[in-house]
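Please keep the sequence and the structure in view while reading, and look up each residue as it is named.

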Amino acid sequence: MSISKAKQELNWAELGFQYRQTDFRFSATYSDGAWSAGELLESPLIAVHEGAPALHYAQQCFEGMKAQTAPDGRVLLFRPELNSERMNQTAERLLMPQVPVELFLRGVEAAVRANYAWIPPHGSGASLYIRPMLIGVGENLGLRPARTFEFRVFVSPVGPYYKSAGMAVISLAVSEFDRAAPAGTGAFKAGANYAGGLLATRHAQALGANEALYLDSKTRTYIDEAGSANIVVAMKGNRFVSPKSNAILPSVTRRSVMTLAEEQMKMQVENRPIDLRAELPEFEEVAACGTAAVLSPVGRIWVDGEWHAFYGNGEKVGPVMQKLFDLLVGIQRGELADVHGWTHEVPME
Ligand code: PLP
Ligand code: COI
């Protein structure tokens with residue numbers, strides 16, 4: 001097994017959000033109540049038993065993170081301990097074993113380090129997407145938890161999640177489907193939540209939107225989140241509001257952006273239910289935020305059969321989201337001072 005120190009010759013600036021096979025992935029196995037030490041593997045294929053609960057009953061979950069190259073060449077993760085914490089919350093909800101934070105970080109760092117050649121260089125606009133996953137792999141026919149699990153981390157260089165480079169202005173369509181019940185699994189990063197959303201995304205795209213926007217499933221009144229990102233809204237009166245809900249993923253990006261809006265932009269930050277229809281006239285700028293989406297301005301939302309446009313007639317990036325994007329990405333790429341200690345350097349030796 002040889003780890004290349006030479007960078008791949010890729011047109012980094014042209015990358016989209018697609019899987020691209022890299023050289024190594026990290027894998028550890030849980031059986032008889034204990035984790036193996038874990039190792040780097042070359043094959044992207046997993047041999048899974050046909051009776052695996054991950055396949056039948058969706059006993060699996062995942063995380064999404066990025067590594068970026070700083071101007072001085074350091075490779076930085078962003079708040080990885082929060083992804084570890086969230087994976088363990090999901091694992092608990094789905095009766096899967098905890099992945100100790102030490103194993104989680106060691107696996108992520110090992111996968112990043114071993115694929116050094118694939119980490120986009122500073123200034124390329126691209127990043128290394130990291131996908132930790134936990135799956136129930138042993139055989140089971142009855143509906144009960146697996147006894148054997150794999151924790152795997154693979155990586156892939158990626159560009160923007162929404163097609164155009166830089167900050168793409170996107171649109172959302174309120175879905176006629178529900179994503180998550182109030183006491184269901186919406187607050188956890190379970191793959192099953194996403195399977196149910198595929199058709200909703202398809203419907204949203206048929207309306208010309210990029211993604212579905214889900215309202216709370218109990219009253220269909222309050223904003224929950226988009227298919228792959230949380231929502232934040234800049235409202236009249238220098239307010240920065242994000243929906244409070246038991247059914248949405250606790251986004252690392254959203255929590256970070258709320259801190260930046262409060263501390264750096266002196267906005268009044270509120271985390272509370274947002275009544276979409278009643279509060280629409282107050283919306284100045286809207287954005288979808290997440291690891292893949294970063295901070296994508298939402299120009300228009302389709303609600304009850306009509307489009308509602310925000311800043312610049314729904315075609316321009318507004319000043320609040322532009323500033324927050326610059327602050328967030330500047331910290332993530334090691335270009336701005338990291339006063340909160342959010343970045344985590346991956347040792348390269
Ligand atoms: N909501 C959903 C449904 C997601 O898939 C994601 C992506 O991870 C997010 C929100 C954003 O979370 P984070 O900022 O932690 O990536
Ligand atoms: C992420 O942003 O990391 C996600 O997991 C969203 C996914 C649907 C691409």
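Which residues of α8 are buried? In this predicted model, the buried residues of α8 are Val320, Met321, Leu324, Phe325, Leu327, Leu328, Val329, Gly330, Ile331 and Gln332.

**Helix α8**

- Because 10 of the 14 residues of α8 are buried, this helix is largely enclosed by the rest of the structure.
- After α8 comes Gly334, a residue with a positive phi near 70 degrees.

**Helix α3**

- Helix α3 covers residues 101-114, which makes 14 residues, and the distance from its first C-alpha to its last is 20 Å, close to the 20 Å expected at 1.5 Å a residue.
- This helix is mostly covered, with 10 of its 14 residues buried, and among the buried residues of α3 are Leu103, Phe104, Leu105, Val108 and Val112.
- The buried set of α3 also includes Glu109, together with Gly107, Ala110, Ala111 and Ala114.

**The largest pocket**

- The largest pocket holds about 1000 Å³ of space, and of the 47 residues that line this pocket, Tyr161, Tyr162, Glu211, Ser228 and Ala292 are the closest to its centre.
- Two or more lining residues come from each of β7 (127-136), α4 (191-195), α5 (198-206), β10 (211-215), β11 (223-226), α6 (252-263) and β15 (283-290), and the largest share of the lining, 4 residues, is given by α5.
- Sorted by class, the lining of the largest pocket consists of 22 nonpolar, 16 polar and 9 charged residues.
- Both domain 1 (12-158) and domain 2 (170-331) take part in the largest pocket, since each of them gives at least three residues to its lining.

**The second largest pocket**

- The second largest pocket has a volume of about 530 Å³, and its lining is made of 34 residues, of which Lys66, Gly125, Ser127, Val294 and Arg333 lie nearest the centre.
- At least two residues of this lining are supplied by each of β5 (65-69), α6, β16 (294-303) and α8 (319-332).
- By class, the lining of the second largest pocket divides into 19 nonpolar, 13 polar and 2 charged residues.
- Domain 1 (12-158) and domain 2 (170-331) each contribute at least three residues to the lining of the second largest pocket.

**Cavities**

- Rolling a probe the size of a water molecule over the atoms shows where empty space is left.
- How many cavities of 30 Å³ or more does a search of the whole structure find? The search finds 2 such cavities.
- The largest cavity contains about 70 Å³ of space, and the closest to its centre, out of 13 lining residues, are Val286, Pro297, Val298, Tyr311 and Lys316.
- The elements that give two or more residues to the lining of the largest cavity are β15 and β16, and by class this lining has 7 nonpolar, 3 polar and 3 charged residues.
- The second largest cavity contains about 40 Å³ of space, and its lining is formed by Gln68, Thr69, Pro121, His122, Gly123, Ser124, Gly125, Ala126 and Arg333.
- By class, the lining of the second largest cavity has 2 nonpolar, 6 polar and 1 charged residues.

**Cysteines and disulfides**

- A disulfide is a covalent bond between the sulfur atoms of two cysteines.
- A search of the whole structure finds 0 disulfides.
- Cys61 counts as buried because its relative accessibility is 0%, with buried meaning under 20%, and Cys289, with a relative accessible area of 1%, is buried too.

**Asn140**

- Asn140 and Leu45 are separated by 95 residues in sequence, and their C-alpha atoms lie 21 Å apart in space.

Methods. Residues numbered from 1 in each chain as written. Chains lettered and ligands numbered in written order. Predicted model: local features only at pLDDT ≥ 70, side-chain atom pairs only at ≥ 80, totals over all residues. Heavy atoms only, no water. 1 Å grid on protein atoms, 1.4 Å probe; cavity = no way out; pocket = protein on both sides within 12 Å on 5 of 7 lines; lining within 4 Å. Points joined across faces, edges and corners; volume = space filled by probe spheres on them. Nonpolar A, V, L, I, M, F, W, Y, C, P; charged D, E, K, R; others polar. Domains from an automatic or database assignment. Buried < 20%, exposed > 50% of the residue type's maximum accessible area, 1.4 Å probe, protein only. Disulfide = S-S within 2.5 Å. Expected span 1.5 Å × (residues − 1).
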